[in-house]
Amino acid sequence: MLRRRGWPRVFAVGVVSTVLAACGGGGSGADSASGALSPTAALGEKIFRDVSLSASGRQACASCHDPQHAHTPANALAVQLGGPLMDRQGTRQAPSIRYLASNTSFFFDDEGTPTGGFFWDGRASSLQDQAARPFLDAREMANADKAEVVSRLAQASYIAEFKAVFGASILDDSTAAFDRMTLALQRYEQEDGEFHAYTSKYDAFLRGGITLTDREMRGLALFNSPTKGNCAGCHPSARGSDGSLPLFTDFTYDNLGVPRNPEIAANADPAYYDLGLCARAGGDLAQRTDLCGAFKVPSLRNVAQRQVYFHNGRFKTLKEALTFYVQRDTNPEKWYPLDGTGTPRKFDDLPASMHANVNTTEVPYNRHPGDAPALSDAEIDDVIVFLATLDDGYPQ
């Protein structure tokens with residue numbers, strides 16, 4: 001079994017306020033207020049929005065992480081397009097990059113549970129590392145190397161500011177200039193309060209300023225219940241022991257057996273599988289076949305604003321995603337293709353030899369065909385009503 005999970009599991013309860021305070025701003029779990037951006041972070045914001053740094057001249061960090069859509073894509077594509085002509089499809093959906101400032105580099109905890117890291121497979125070690133990689137990815141911003149990125153940076157309208165912050169000769173060393181550019185992006189994500197605003201209705205509720213409606217409270221109870229939704233097992237909803245507001249992720253990984261998505265062109269090849277954690281670049285976990293099919297547990301903050309769900313963008317609505325959670329095993333015919341005998345081919349996005357990696361023991365995945373799902377349709381709707389309270393921007 002990939003995970004050994006208690007209920008609820010709280011990750012790094014003292015980290016949120018410490019990290020964000022050190023970054024100089026942002027609404028932390030300790031309820032701190034946002035401050036003005038430093039010169040480095042202000043540069044990072046300009047870089048974040050600059051399409052000229054891509055080979056196509058049409059893609060920026062903000063293209064896939066739109067601030068107006070909780071730093072997720074503004075469209076409902078399963079995976080985004082990129083490359084020199086903006087016609088190359090990726091293989092995973094672009095997740096939100098909010099509430100990552102307290103994440104850490106990848107590690108195995110004392111129980112052997114994979115934890116931390118950035119991207120769906122944890123391959124990046126920091127916000128800076130995560131920000132750097134799309135510039136050099138052939139399916140994203142598609143620069144050939146760091147020198148090409150820096151040559152584009154040299155033509156940017158803000159290059160004088162860049163030199164003022166990092167030195168007049170910074171462009172003489174393309175590796176150093178690229179490093180400073182991605183450092184600026186990290187500082188922007190750390191300092192700008194939009195990335196960790198803690199301004200949801202649920203935050204106001206935890207601060208004691210408001211009450212939730214009866215239906216929102218029912219949804220919260222179902223979300224937390226270890227015999228119903230059991231969502232809090234991966235997405236803790238309570239304040240940390242230091243008073244920090246919850247991130248709604250424990251930064252771990254899980255294998256949910258999400259159905260294959262035909263919208264992803266790579267999936268037209270029946271021999272292709274996205275194996276997640278065990279197949280990440282560098283091959284450091286290639287021998288850990290028990291981790292194949294595992295992907296990062298995302299934060300559920302602003303989840304109601306997303307237009308696609310799961311690593312492969314398989315589902316388009318929150319209702320569909322939650323229904324899959326609770327009916328994956330009770331009604332597999334709704335989610336998976338049928339074989340010649342009419343039997344559902346469960347976990348069709350994994351090789352048969354790796355089906356045993358899928359989480360089938362924890363609620364709500366411990367059901368069988370004919371069993372009642374852990375949540376009824378009406379209860380799913382109550383959970384969705386609660387999840388809408390996690391959207392940033394509630395009037396304070």
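**Aromatic pairs, cores and cysteines**

User: How many aromatic pairs does a search of the whole structure find?
Analyst: The model is a predicted one. In a search over the whole structure, the number of aromatic pairs found is 22.

User: Are the rings of phenylalanine 315 and phenylalanine 324 stacked, tilted or edge-to-face?
Analyst: Their ring centres are 5.2 Å apart, and the planes meet at 40°. Planes under 30 degrees apart would count as stacked and over 60 as edge-to-face. Phenylalanine 315 and phenylalanine 324 are both buried. With planes at 40°, the pair is tilted.

User: What is the geometry of the pair formed by phenylalanine 324 and tryptophan 335?
Analyst: The ring centres of phenylalanine 324 and tryptophan 335 lie 5.7 Å apart. The planes stand at 80°, so the pair is edge-to-face.

User: How far apart in sequence are the parts that this pair ties together?
Analyst: Phenylalanine 324 belongs to helix α10, while tryptophan 335 sits in the loop between α10 and α11. Relative accessible area is 1% for phenylalanine 324 and 9% for tryptophan 335, so each counts as buried.

User: Which residues form one aromatic cluster with Phe324 and Trp335?
Analyst: Phe324 and Trp335 belong to one aromatic cluster.

User: Which element gives the most residues to the largest nonpolar core?
Analyst: The largest nonpolar core has 42 residues, and Phe223, Phe310, Phe386 and Leu387 touch the most other members. Two or more residues come from each of α9 (214-224), α10 (318-327) and α11 (377-387). With five residues, the element that gives the most is α10.

User: What does phenylalanine 386 contact, leaving aside neighbours within four places in sequence?
Analyst: Phenylalanine 386 is among the residues that touch the most other members of the largest core. Beyond its sequence neighbours, its contacts are Tyr202, Glu216, Gly219, Leu220, Phe223 and Phe248.

User: How many residues are in the second, separate core?
Analyst: This core includes Ala124, Ala131, Ala184 and Phe251. Its residue count is 38.

User: Where do the buried residues of α5 fall, seen down the helix axis?
Analyst: Helix α5 (residues 146-153) has Val149, Val150 and Leu153 as its buried residues. An α-helix has 3.6 residues a turn, so residues three or four places apart point the same way. The buried residues of α5 fall within an arc of 95°, so they line one face of the helix.

User: Which helices do the buried residues of α5 pack against?
Analyst: The buried residues in question are Val149, Val150 and Leu153. At the start of the helix, a side-chain oxygen of aspartate 145 comes within 3.2 Å of the backbone nitrogen of alanine 147. The packing partners of the buried residues are α6 (159-166) and α7 (174-191).

User: Which cysteines form the disulfide?
Analyst: The structure has one disulfide. The sulfur atoms of the pair are 2.0 Å apart, which falls within the 2.5 Å cut-off. The pair is cysteine 278 and cysteine 292.

User: What is the handedness of the disulfide between cysteine 278 and cysteine 292?
Analyst: Cysteine 278 is buried at 6% relative accessibility, and cysteine 292 is buried at 2%. The torsion about their S-S bond is about 100°, so the disulfide is right-handed.

User: How far from cysteine 61 is the nearest cysteine sulfur?
Analyst: Cysteine 61 takes part in no disulfide, although it is buried at 14% relative accessibility. The nearest cysteine sulfur belongs to cysteine 64, at a distance of 8.9 Å.

User: What is the omega of the cis peptide bond from valine 363 to proline 364?
Analyst: Most residues other than glycine have a negative phi, and most peptide bonds are trans. Proline 364 is located in the loop between α10 and α11. The bond from valine 363 to proline 364 is cis, with omega near 5°.

User: What is the phi of tyrosine 99?
Analyst: Tyrosine 99 lies in the loop between β2 (88-89) and β3 (107-108), and at 2% relative accessibility it counts as buried. Its phi is positive although it is not a glycine, at about 60°.

How values were computed. Residues are numbered from 1 along each chain as its sequence is written. This is a predicted model: local features need pLDDT of at least 70, side-chain atom pairs count only at pLDDT 80 or more; totals for chains, interfaces and linings use all residues. Side-chain values use heavy atoms; hydrogens and water are left out. Buried means under 20% relative accessible area, exposed over 50%, partly exposed in between (1.4 Å probe, protein chains only). Helices (H or I, at least four residues) and strands (E, at least two) are DSSP runs, numbered from the N terminus. The arc is that of the directions from the helix axis to the C-beta atoms. Contact means heavy atoms within 4.5 Å. A polar contact is a pair of N or O atoms within 3.5 Å; within protein, one must be able to donate a hydrogen and the other to accept it, and residues adjacent in sequence count only if both atoms are side-chain atoms. A nonpolar core is a set of buried Ala, Val, Leu, Ile, Met, Phe, Trp, Tyr and Cys residues joined through side-chain atoms within 4.5 Å. Rings of Phe, Tyr and Trp (its six-membered ring) pair if their centres lie within 6.5 Å; planes under 30 degrees apart count as stacked, over 60 as edge-to-face and the rest as tilted.
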